[in-house]
Amino acid sequence: MNYFRSKTQSKYANEKERLIKQRICNTLKEHIEIIILENNDSYSANKTLEHAELCSALEAIFLHGLKESIFSKTVDFLKTSDAVKKPEPSFWAPLMIISHRDLINSIQQKTQLSSDIAYCRAFIRQVLNDNSLSSYLLMISNHSSVLGSYYYKYAFLRDKILMAFTTKMIESMETKVTFNYSINTSLLNNWPNLSLELAGIWSEAKKSCQIDNAEDAASSLPPEEYAESSRISEFKQFVRSKYIESSKALSSDEITTNNQTNFSDYLEKQEILIPSNLNDTNVIDEDKPTSPLDSLITHNESQRRETDLDKYDLTMLIKRYKTQNESQVQSKNIQGIKEIWNNFETSMIKLKEEENESCDDEEWDKIEASNFYMNKKSKFVDLQPFVEQLCILVNEVGLDGQDFKCKRCLTSISIDFHGTQNCSFSGFYFCDGCMSNELFIIPAKVIYNWDFKKYSVNLDAAKYLTEFRYEPFIDFELLNPKYEKIKMMLRLKNLRLKLNAISFYMQHCQVVLNTFKEMLGYREYLYTSIHKYSIADFEMLSDGQFENMLSSSVSFGMSHITSCQLCSQQGFICEICSDKKIIYPFDLENTEKCLECQNLYHKMCFTCNVKCSKCERKRKRIEVIN
């Protein structure tokens with residue numbers, strides 16, 4: 001009997017702890033979603049309250065399943081007071097094991113913090129400010145055995161599945177929200193009630209009050225029909241009073257004659273729903289005489305009861321905001337993406353035709369066999385999703401969105417994220433066997449976020465990024481027209497404009513043409529299409545090699561043109577000031593070009609009030625001919 005009782009008690013205890021952990025997780029998820037929504041959409045809620053409850057949920061994670069120390073047990077035993085005192089648990093001891101020494105010293109040096117409780121609460125806020133909480137949770141999850149001396153087996157921190165889910169949520173929040181919590185404050189010296197209640201450690205005792213007998217209490221309540229009609233009559237009286245206040249400017253005759261029409265107009269202005277059919281049998285009782293106002297109020301009561309939950313549902317708000325945001329981004333870039341795909345398709349077909357003409361049948365078969373995408377087995381249309389993903393910032397799809405299966409080989413993926421990786425290029429999850437060991441720069445992150453970090457991608461994306469890393473089909477002007485606001489990109493644009501002007505001289509001087517092309521790696525698009533970049537260019541951008549290459553090429557070209565007897569004679573003389581010094585179009589800082597005839601002038605001479613002399617000569621010549 002004792003054995004059966006102990007097993008039953010253990011079963012109920014485990015179920016209780018499971019429900020506590022589930023409540024902590026749901027509370028944390030709810031507050032993270034609200035805070036992210038506030039940060040993105042300026043949501044008018046009490047931000048201070050939401051942030052405080054977020055910290056309480058995080059504190060409950062560290063408090064749940066915490067073992068009581070021998071010292072605290074002894075103190076509680078020696079207490080003689082019968083009053084129920086709020087417990088004062090502390091997880092500062094395990095935090096000192098996993099935390100960095102500098103962080104511990106920084107917290108302990110705060111003058112307003114006077115207890116281990118304050119140190120624990122300050123730690124939560126400090127790692128939130130530093131965006132490092134997810135790193136600590138990941139380290140705790142990977143080394144949960146260290147916590148055996150401080151936490152029971154059922155503790156939240158020792159549950160790997162919940163910890164993996166929580167870490168993902170915190171990582172998502174850290175990328176979108178920046179915190180600035182106060183650390184040195186005496187308000188952190190005690191636990192808030194919410195933290196202890198969520199952790200299942202303690203709950204505030206309810207005050208006792210006298211309750212009437214059930215019979216008397218029931219008789220004191222009004223009937224349901226009376227309560228409903230009373231509520232409707234109060235609403236009716238409120239609407240009428242508001243209407244009368246707004247119509248004081250009208251005379252009594254106007255109010256009497258136009259009462260029904262004006263009242264309906266007033267309701268429309270106040271955004272109160274007017275039913276299309278006021279005689280609906282589902283809303284109005286046909287046996288009772290009803291006025292339009294009675295029908296209107298009854299209909300609005302039923303409408304409000306049906307729509308209030310949907311209107312204020314947080315999940316619906318987030319989904320609606322996400323859909324609206326994605327549609328705006330897609331409509332903004334869809335034309336540019338289509339144009340980039342068309343350019344890519346044209347260049348690939350042209351390249352394939354050129355290779356086909358220059359190779360024998362045997363050589364072409366070898367090329368096709370070694371090429372991943374351009375072989376006979378794969379269709380050219382299959383490349384379109386890859387080109388589109390180059391130009392769009394993708395979000396994580398989620399395991400539920402892909403039926404908990406690897407996107408490539410359709411192998412089942414565990415929900416605890418073991419053996420599962422997210423592809424930063426496509427947003428889908430893949431098993432370890434379908435992920436590349438090599439890290440890659442994601443072009444979309446460079447285009448929109450100026451992020452040159454390398455991320456994990458799946459095998460197909462890795463082959464695509466490797467195969468076409470030298471193809472210049474990424475057009476900054478189409479995808480992000482404001483890219484020139486980045487100082488580095490503005491410098492690169494000016495250098496490529498200079499290269500464009502220098503290239504016209506180099507085409508007529510065969511002596512240095514090959515050297516000039518070799519310095520640029522035989523990438524003619526660098527001076528013919530100044531807004532286009534390749535994946536290889538992004539790799540050189542991150543460490544400054546790309547800018548150095550362009551600068552050295554410009555210096556080489558300018559030096560040659562000014563010293564070469566053939567090239568130096570192809571300069572310009574400013575016809576406005578008649579200065580005999582030769583000017584060149586690559587001197588962008590001091591010269592200005594006429595957009596119609598391409599004639600060159602000094603920038604100080606060619607102002608908006610001065611007309612191009614060459615264009616004027618052409619105009620007069622046409623007038624004489626006519």
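The structure is a predicted model, in which local features need pLDDT of at least 70, side-chain atom pairs count only at pLDDT 80 or more, and totals for chains, interfaces and linings use all residues. Residues are numbered from 1 along each chain as its sequence is written, and side-chain values use heavy atoms, with hydrogens and water left out.

**Overall make-up**

- The protein has 26 helices and eight strands. Both are DSSP runs numbered from the N terminus: helices are H or I runs of at least four residues, and strands are E runs of at least two.
- Of its 626 residues, 37% count as buried. Buried means under 20% relative accessible area, exposed means over 50%, and partly exposed lies in between (1.4 Å probe, protein chains only).
- Contact means heavy atoms within 4.5 Å. Among contacts between residues at least 6 apart in sequence, 65% join residues at least 24 apart.

**Nonpolar cores**

- In soluble globular proteins, nonpolar side chains tend to be buried together.
- A nonpolar core is a set of buried Ala, Val, Leu, Ile, Met, Phe, Trp, Tyr and Cys residues joined through side-chain atoms within 4.5 Å.
- The largest such core here has 63 residues, and F425, Y464, F546 and L550 have the most contacts inside it. Helix α21 (residues 487-506) supplies the largest share of this core, nine residues.
- Another core, of 57 residues, lies apart from it and includes I32, L63, L128 and V177.
- Residues up to four places away in sequence not being counted, F425 touches F386, Q389, L390, V394, I442, V457, A461, Y464 and L465.

**Helix α25 against helix α22**

- Two packed helices are described by the angle between their axes and the distance between the axes. Axes are lines fitted to C-alpha atoms, for helices over the stretch in contact, and angles run from 0 to 180 degrees between N-to-C directions.
- The axes of α22 (residues 510-519) and α25 come within 9 Å and cross at roughly 165°.
- The crossing of α22 with α25 is left-handed. A crossing has this hand if the near helix is turned anticlockwise from the far one by less than a right angle, and is right-handed if clockwise.
- V512, T515, F516 and M519 of α22 meet M549, S552, S553, F556 and H560 of α25.
- The residues of this contact divide into five nonpolar, four polar and no charged. Here Ala, Val, Leu, Ile, Met, Phe, Trp, Tyr, Cys and Pro count as nonpolar, Asp, Glu, Lys and Arg as charged, and the others, Gly among them, as polar.

**Helix α25 against helix α21**

- The axes of α21 and α25 are 9 Å apart, and the two helices pack at an angle of about 35°. Their crossing is left-handed.
- Among the residues in this contact are L492, L495 and L499 in α21, and F546, L550 and S553 in α25.
- By class, the contact of α21 with α25 has 13 nonpolar, four polar and four charged residues.

- S553 has its place in helix α25 (residues 545-563). S553 is buried, with a relative accessible area of 0%. Beyond four places in sequence, S553 touches L499, F516, M519 and L520.
- L550 also lies in helix α25. L550 counts as buried because its relative accessibility is 0%. Its contacts, leaving aside neighbours within four places in sequence, are L492, L495, R496, L499, L520 and L526. The C-alpha atoms of L550 and L520 are separated by 7.3 Å, although these residues are 30 apart along the chain.
- S503 belongs to helix α21. With 6% relative accessibility, S503 counts as buried. S503 touches F516 and Y527, not counting residues up to four places away in sequence.

**Loop residues with positive phi**

- Most residues other than glycine have a negative phi, and most peptide bonds are trans.
- L410 has a positive phi, near 60°. L410 is found in the loop between α17 (384-390) and β1 (420-422). L410 is exposed, with a relative accessible area of 59%.
- Y522 has a positive phi, near 55°. Y522 lies in the loop between α22 and α23 (525-528).
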